[in-house]
Amino acid sequence: MNLPEIVSRDEWLTARRALLAEEKAFTKQRDALNTRRRELPMVRLDKPYTFTGAAGPASLLDLFEGRPQLLVYHFMFQPEWDAGCSNCTWLVDDIGTQNSLHEANTSFALVSRAPYEKLAAYRETRGWEYPWYSSGDTDFNYDFHVTLDESRVPFEYNYRSKADWDVQPDNEFTQSPQPFDLHGMSCFLQDGEQIYHTYSTYGRGPDAMTFTVTALDLTPLGRQEPWENL
């Protein structure tokens, strides 16, 4: 464990003020990035998807629950598994109430390939109230590149092809037996009966939505993940 240097209060203030200037610059860069994200063009979705939820069959439009925006977390839970991915579980445990999202006219749902009965049972063990839907054998997971199965769609994850991943260090994705599920977050916009796909992020992209990660980034020990020591 590498602890920070011990200095006087005056030396700490000098260092902190220098870092504050960088933090303010980063905040402005983040605001500009968020603006560019909001201004991304969107893709009209014409393919129908039928999910299974607590009330039975549901369309993608049903997942909006009457609100104009929808966030879908692609939760890793393969049909043959009896429990969900531990990292996805950790992330969902950290989300908290949906009240503020709903006040901002935005709905949130989990979607996985596992049968709904497995999802409902796992949801109950975790004490979650988030809507959770099974995409079953629909094209949804494949179209949004969170199920890797070259018999269904060309290999792509986080906007990288198989060839792109094969040259990455410590690549595990192309070596895993298929079909193989991964996680991500997708955003959709409803305009009347029409649905548009506006944004998807994968890998470490969903990190930003968790309190724990954001809080740990403020601490001297950080997230305590191996990459932080690189």
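Is Arg 126 buried, partly exposed or exposed, and at what relative accessibility? In this predicted model, Arg 126 counts as partly exposed, because its relative accessibility is 35% and the partly exposed class lies between under 20% for buried and over 50% for exposed.

The partner of Arg 126 is Asp 93: the two form a salt bridge in which the closest N and O atoms are 2.4 Å apart. Asp 93 belongs to helix H3, residues 86-93, while Arg 126 belongs to helix H5, residues 116-126, so this pair ties together parts that are 33 residues apart in sequence. Asp 93 also counts as partly exposed, with a relative accessibility of 40%. The general principle behind such a contact is that side chains of opposite charge can pair when their charged atoms come close.

Further pairs may now be examined. Glu 65 and Arg 67 form a salt bridge, with 3.0 Å between the closest N and O atoms. Here Glu 65 has a relative accessible area of 40% and is therefore partly exposed.

In another salt bridge, Arg 204 is joined to Asp 207, and the closest N and O atoms are 3.6 Å apart. Arg 204 is partly exposed, at a relative accessible area of 48%, whereas Asp 207 is buried, at 18%. The value for Asp 207 is 18%, and buried means under 20%, which is why this residue is placed in that class.

Salt bridges may also join into a network. Lys 47 and Arg 152 are linked in this way with Asp 137, Asp 139 and Asp 143. Across the whole structure, a search finds 14 salt bridges, including the Asp 93 and Arg 126 pair.

Definitions and conventions:
Residues are numbered from 1 along each chain as its sequence is written. This is a predicted model: local features need pLDDT of at least 70, side-chain atom pairs count only at pLDDT 80 or more; totals for chains, interfaces and linings use all residues. Side-chain values use heavy atoms; hydrogens and water are left out. A salt bridge is a side-chain nitrogen of Lys or Arg within 4 Å of a carboxyl oxygen of Asp or Glu. Buried means under 20% relative accessible area, exposed over 50%, partly exposed in between (1.4 Å probe, protein chains only). Helices (H or I, at least four residues) and strands (E, at least two) are DSSP runs, numbered from the N terminus.
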